[in-house]
Amino acid sequence: MHDLTSLTAIELLGLYERGETIPSKVLRACLDGIESKEAVVGAFLHVDAEGAMARASKLDAEGIGGRPLFGVPVAVKDNICTSTMPTTCASRILGSYRPPYDATVVRRLEDAGAVIVGKTNLDEFAMGSSTENSAFHTTRNPWDESRAPGGSSGGSAAAVAACMVPVALGSDTGGSIRQPASFCGVTGIKGTYGRVSRYGLIAFASSLDQIGPIARDVEDCALVMGVLSGEDPLDATSIAGDTEFWKDSSGGGIDGLRVGLPLENSKWEMDLDVRELFDQAVNAIIESGCTTGGARLPEMDKSIACYYIIANAEASSNLARYDGVRYGMRSDADTLTRMYEETRGEGFGAEVKRRILLGTYVLSSGYYDLYYSRALHAREEIKRDFRKIFEQYDAIILPTTPEPAFELGERLDDPLSMYMSDIFTTPASIAGLPAISVPVGVTVDGLPVGMQVIAAEGREDMVFRVAGTLQRSFGFNKRYYSLSDESGEGDR
Amino acid sequence: MSAGRYETVIGLEIHVQLLTSTKLFCACPAEFGGEPNSRICPVCLGLPGALPAVNREAVKMAVLLGTALGCDVRSRSVFARKNYFYPDCPRNYQISMFDKPLCENGVVELDSDDAPVRIRIERVHLEDDSGKLIHESDGGSLVDFNRCGVPLAEIVTMPDLRTPAEARMLVKQLRQLVRYLGICDGNLEEGSMRCDVNVSLRNPGETELGTKTEIKNLNSFKAIESGLEAEIVRQAALLDAGKEIEQVTSLWDSQHRESVVMRSKEKAHDYRYFREPDLEDLVLDEGLLKKVESLMPELPRERRGRFVDQYGLSDYDSVVLTSEKEIADYFEEVARLSGDPRSSSNWIMREVMGELNNTGKDIRSFGVSPEGLSELIKEIASGRISATAGGEVFGEMVRSDVEPGDAIASLGLEQVSGEDEISEMVGTVLEAAPDEVRRYREGERKLLGYFVGQVMKMSGGRANPSKVNEILKERLH
Ligand SMILES: [Zn+2]
């Protein structure tokens, strides 16, 4: 008998195809898992057990019908609009807001036969790197409940790591899929900018935001990306392209590929175990038969500064709509201006306010040239640097984060150190490139470490191939943390 | 009105609501009015997660407008966000164009009687409209978002206007243009065309601009002229007193004929413009530009010239007949059907336009069709009715919505040209007035008019006057 909750989506599909189980049985197992572990993990903001079960029973009756995600339970980050469940962005200001429409990705998941189980926790409006900035509760890292799951898609990464669901959707603006995937020992990908429609994703920074899957392995990520991807008339920035072949690309091997290794890595401040695993990953790549060489990456400091200026500038504008006039929370006040002030004062958390203020500042007429236009200029340089690299290489690898999951509360009072955990993930975001985080091992303290693979615009296939090789070399996808397991770590 | 010894410098910003079927960034109907908040969706409401997608129809119309204004059309323009908080603006930013507008560097020539005045057009760009606040008597306010996302083309002129009359003339001309282009109904009162003015004064000969003030939302030609006049007088008085002009934005209160200050420079907005990241650059391909070219109608100025050349009309008549595209179309149709452009012009200038003026009607809803009017003109030309009777027939056609033939019959206005019938009436008239006949024969020739009048009276106006004249002269010999 399989433990249904530890299977990948592809394994589940195999069972369905062979008639060995049915969607409602799998969902039951997931819901039971959520019930037993949620009190500790706190991955969800809303679980729609009833709705999901109704949907699963319907699928039981319908049969698979060629649907690529048939009967696969999926959790969705709570900044993605669902018409049947609240969508709060983990913010008081959206309280129990229920959108009147579904995000394009939600429609695509449902068309593909997936069962949406609930909405996962996040840093308020996806701003943060620990999921501690949620207005509702903190999510804990299933590998060590005193540690952060990463952010801002911490709820989604934790839900997959704790075997509550095989697949969850996250959103990545500067690393919000990859960093929590790394912290939680699971795989997560952000595609090329525009690859997945943003329609229905509550915006943080529009020119950077991307929805992507967090799953147990590279193959599931490729499968789900295939479902989510494709041009959407409702999102003018979405792109078209053939995504079918990705499903097989992770098994393709990397013989003959050229992989770039960051030249500057000796200078980076990095946890020793992370450095050690990075070296092992490099060796694994070389042993798999590809050529490697040094690649001069864009300056990381420049990337992160550029990222925080552009992201916050866009956020200050995107978050202006939460004013208490039309939906969500409204504070009582005598005048319009005071109503705005009090609603936003009470509705937004500290991190969100900090970023709105920063963003407003860098766009203001006196400082626009000093900050915003320089950041745009730097962004072009970063893109150019990457283009040069990808003239020479098919992909580059580097750690996803400089260190493993940190302690909860450790960085709450130090926003700058919190921002630094995104230092390796922001360059790909700034340049709009596809990037994946795949787990390769654990530190001496037993905390997972992820490696990041970045490829040229539109080359998700390269990302999957290189990540697939790392996955096979380290076999980490076969290890998972289960709270019910006394040892804390087990093999299936 | 007096600017005293100062030179007045005026620039205009005119918002033109485009007549697209759907809104600028979503598929909601762009139609005016409707039950409040009945024409809205997540996109035009700016709900969290909703994204804009550009309506190509609106782009076409704005390019058409820019081209007609002689602008250069950018092959790649960029939408930007204009950030400000206001309850009728659901995203709290407007999507407009900033440093890379759709069209730039155009020019309009004012149709002035004096030397031609060239007004440079700085730009024409696209942006979305906001909703509408409804203030209740108890102090509460409601918002209707139906208008939210309706496409606007904004025309910005350079400060090339020198008098309020020129400003009014330019807006009139632009209104005529957008109606010719079929992209806007040009209704200032209903807000489908909205005019903001900038005005400053300076000493003659100076090239630097003085401090300007802005008056927003002038919603009639009269308001444009009187708003500007009042502002010029106000500024001139301040300058005369040696005071500084404060840079303010005001609203014109046409009832009290004064401007009400909305905000001063200290409180001026910092709109924090930046590129709209939800939209790609707006790239115009050859196909679209070709399409626009093919959509370009004959513009008023060309049409005017053609009316003079082709139909031999006077300049004045051509101007009047081309004032509105629909009237010009009506004229051309009547002229074609009747084969008599001169009479067609006369009839339309006097009777048709008089009727429209009296009733406030629009040519589009006018009851007499070009076919009807051209029939009437032909009936007069053929002598079936007299020109005088024609006026009556026209009146009947307007009143009862009938064909000219039926009106002639029902009014009994068919002209009598039969020799016998007229001879008989002439006989009766002469018999009844022996004195006058004698005096005529003695040389009092002007009495002929009297006899004609009597015969016409007897015939109820139907007798053919030239026939009457002819027979009378014969009999009085
Ligand atoms: Zn709409």
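This is a predicted model: local features need pLDDT of at least 70, side-chain atom pairs count only at pLDDT 80 or more; totals for chains, interfaces and linings use all residues.
Modeller: A residue counts as buried when its relative accessible area is under 20%. A:Thr104, A:Val105, A:Val106, A:Arg108 and A:Leu109 are buried in H4(A).

Colleague: What do the buried residues of H4(A) pack against?

Modeller: Their partners in chain A are S2, S3, strand S4 (167–172), S6 and helix H7 (218–228). After H4(A) comes A:Gly113, with a positive phi near 95 degrees.

Colleague: Let's look at rings next. How many aromatic pairs does a search of the whole structure find?

Modeller: Over all chains, the search gives 33 aromatic pairs.

Colleague: Why is the pair of A:Tyr101 and A:Tyr199 called tilted?

Modeller: Let's take the distance, then the angle. The ring centres are 5.3 Å apart, and a pair needs centres within 6.5 Å, so these two rings qualify. Their planes stand at 55 degrees. Under 30 degrees would be stacked and over 60 would be edge-to-face, so the word left for this pair is tilted.

Colleague: What makes this pair a tie between parts of chain A?

Modeller: A:Tyr101 sits in the loop between strand S2 (73–77) and helix H4 (104–111), while A:Tyr199 sits in the loop between strand S5 (187–190) and strand S6 (210–215).

Colleague: In chain B, what makes the rings of B:Phe307 and B:Phe331 a tilted pair?

Modeller: The centres lie 5.1 Å apart, which is to be set against the limit of 6.5 Å. The planes are at 55 degrees, so this pair is tilted. B:Phe307 belongs to helix H5 (residues 300–311) of chain B and B:Phe331 to helix H7 (residues 325–338) of chain B, 24 residues apart, and the pair links these distant parts of the chain.

Colleague: How do you know whether B:Phe307 and B:Phe331 are buried or exposed?

Modeller: Compare each value with the cut-off of 20%. B:Phe307 has 0% relative accessibility, so it counts as buried. B:Phe331 has a relative accessible area of 0%, and the conclusion is again buried.

Colleague: And why is B:Gly391 called partly exposed?

Modeller: Its relative accessible area is 29%. Buried would need a value under 20% and exposed a value over 50%, so 29% falls in between. B:Gly391 is part of helix H10 (residues 387–400) of chain B. Its C-alpha atom is 9.4 Å from that of B:Trp347, 44 residues apart along the chain.

Colleague: What about B:Asn217?

Modeller: B:Asn217 also has a positive phi, near 55 degrees, and lies in strand S12 (residues 213–218) of chain B. At 42% relative accessibility, B:Asn217 counts as partly exposed.

Colleague: Which peptide bond is cis, with omega near 0 degrees?

Modeller: The one from A:Gly151 to A:Ser152. A:Ser152 lies in the loop between strand S3 (115–120) and helix H5 (154–161) of chain A. Most peptide bonds are trans.

Colleague: Now for the two chains together. How much area do chain A and chain B bury between them?

Modeller: About 2600 Å², with 59% of it on carbon and sulfur atoms. On the side of chain A, A:Ser317, A:Arg321 and A:Arg326 lose the most area to chain B, together 21% of what that side buries. The contact takes 38 residues from chain A and 30 residues from chain B.

Colleague: How do you know that B:Asp278 and A:Arg198 form a salt bridge?

Modeller: Their side chains come to 2.9 Å, N to O. The limit is 4 Å, so the pair passes. The count between chain A and chain B is one salt bridge, and 16 residue pairs are in polar contact across the interface.

Colleague: Which helix gives the most to the side of chain A that touches chain B?

Modeller: H10(A), with five residues. The residues of that side divide into 21 nonpolar, 10 polar and seven charged.

Note on methods: Residues are numbered from 1 along each chain as its sequence is written. Chains are lettered from A and ligands numbered from 1 in the order in which they are written. Side-chain values use heavy atoms; hydrogens and water are left out. Contact means heavy atoms within 4.5 Å. Buried area is the accessible area (1.4 Å probe) that two parts lose on being put together, summed over both. A polar contact is a pair of N or O atoms within 3.5 Å; within protein, one must be able to donate a hydrogen and the other to accept it, and residues adjacent in sequence count only if both atoms are side-chain atoms. Helices (H or I, at least four residues) and strands (E, at least two) are DSSP runs, numbered from the N terminus. Ala, Val, Leu, Ile, Met, Phe, Trp, Tyr, Cys and Pro count as nonpolar, Asp, Glu, Lys and Arg as charged, and the others, Gly among them, as polar. Rings of Phe, Tyr and Trp (its six-membered ring) pair if their centres lie within 6.5 Å; planes under 30 degrees apart count as stacked, over 60 as edge-to-face and the rest as tilted. Buried means under 20% relative accessible area, exposed over 50%, partly exposed in between (1.4 Å probe, protein chains only).
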